[in-house]
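Here is a short report on one protein chain.

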Amino acid sequence: MVIAIGAVVAGVLTIVFSSVSRRILGRMGVPAGTVKPTKIPFFATVTSIVVKSVFSIFYRDKSWYNAWQFVILAVLIFFLTWFIISVVKVTETSVLARVEARFGPGRKLAKVRTQVGLLRRVLTAVLCVLAIGAVLLSIEQVRALGAGIIASAGLASVVVGLAVQSTLANVFAGIQIAFTDSIRVEDTVVVEAERGTVEEITLSYVVVLLLDGRRMILPSTYFTTTPFENWSRRSSEISGNVVLQLKLNAPIEYLRQRTTELLESSDWWDGRTNALNVTDVQGGLQTLTIFLSARNPSDLWELRNMIREKLLGELVQSYPECLPDPRTLPNAPTA
């Protein structure tokens, strides 16, 4: 009967809470469905509060009161923690939706997603620890040990600190990464001689999605102690080059003109950089460097490959005499 009363009250309050939340989120431009994950924990939390209150008022003198009161309190703490974590997730979604509506997809949104996501994980961990502590402290025997625990806290903290030193280092490194803005979600980075996109930043590790679909998982301390390349640090626009080694009779002007034609006909080129220069002459060969640019690293990768393939293909067809003999190259294998 008590549980039924609590369920009815909770059902009414849940409907009111859901309606008000959807209206508020709708005004913020957030989909109304975002509030759905909070309904069940809210209903369970209110039901637990009502049941606990009724038990305290009408059954305090019963012999079984203390045991059931502890069970209900533990259930209430669990559902309340679940509800708060759900609200935190809804808040994260709302913040990201407002940032995207204002600034659009891009660097600003990636920065906020990285920082808000990390804050949510930290807050979730803290809430779980507090919930477990609240349940334990509701047990009289545990409270009786409080003085002894506090007295030995100094030694325990030293032991625990030494045991989880590397873990704590990664946690603090993760926080440092998020708020110093050294990398963000969706940044293009080069780590361990592999290029990829930052897919996820957690409290203790970073997930990098590599070009071939593999995922490299690196500890957060890697990005605070090891040099790495971030190709989209300030913006997604990026510059690069294509290097060709040809004989001294190579048609430089033709290659320069053809490079311009290829770039102007390509959707990968962003129109910022277009230059072809002879950057070195050594051993009867000249080094041609083509400087170009694109809107993002993915486009640059495709653009460089396209320019290299087209120019080499045309040289093989029309100017084979300017191509170097592989046997004369510096790194050519000896017989």
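## Helix pair and overview

H10 crosses H11 in a right-handed sense. This is a predicted model. H10 covers residues 252–264 and H11 covers residues 297–318. Their axes come within 11 Å and cross at roughly 135 degrees. An angle over 145 degrees would count as roughly antiparallel, and 65 to 115 as roughly perpendicular. H10 and H11 are therefore oblique to each other.

Which residues of H10 meet H11? They are Tyr254, Leu255, Arg258, Thr259, Leu262 and Leu263. On the H11 side, the partners are Leu303, Met306, Ile307, Lys310, Leu311, Glu314 and Leu315.

The protein chain has 11 helices and 8 strands. Of its 335 residues, 36% count as buried. Take contacts between residues at least 6 apart in sequence: 65% of these join residues at least 24 apart.

An unreviewed UniProt entry lists residues 42–59, 66–85, 118–137 and 144–164 under "transmembrane region". Over residues 118–137, the model shows 100% helix and 0% strand. The end C-alpha atoms of that stretch lie 29 Å apart.

Now the cysteines. The structure holds 0 disulfides. A disulfide is a covalent bond between the sulfur atoms of two cysteines. Two cysteines are set out below.

| Residue | Relative accessible area | Class |
|---|---|---|
| Cys128 | 34% | partly exposed |
| Cys322 | 1% | buried |

Why does Cys322 count as buried? Its relative accessible area is 1%, and buried means under 20%.

Terms used: Residues are numbered from 1 along each chain as its sequence is written. This is a predicted model: local features need pLDDT of at least 70, side-chain atom pairs count only at pLDDT 80 or more; totals for chains, interfaces and linings use all residues. Side-chain values use heavy atoms; hydrogens and water are left out. UniProt positions are given in the numbering used here, feature names are shortened, and annotations may be inferred rather than shown by experiment. Helices (H or I, at least four residues) and strands (E, at least two) are DSSP runs, numbered from the N terminus. A disulfide is a pair of cysteine sulfur atoms within 2.5 Å. Buried means under 20% relative accessible area, exposed over 50%, partly exposed in between (1.4 Å probe, protein chains only). Axes are lines fitted to C-alpha atoms, for helices over the stretch in contact, and angles run from 0 to 180 degrees between N-to-C directions. Angles under 35 degrees count as roughly parallel, over 145 as roughly antiparallel, 65 to 115 as roughly perpendicular and the rest as oblique. A crossing is left-handed if the near helix is turned anticlockwise from the far one by less than a right angle, and right-handed if clockwise. Contact means heavy atoms within 4.5 Å.
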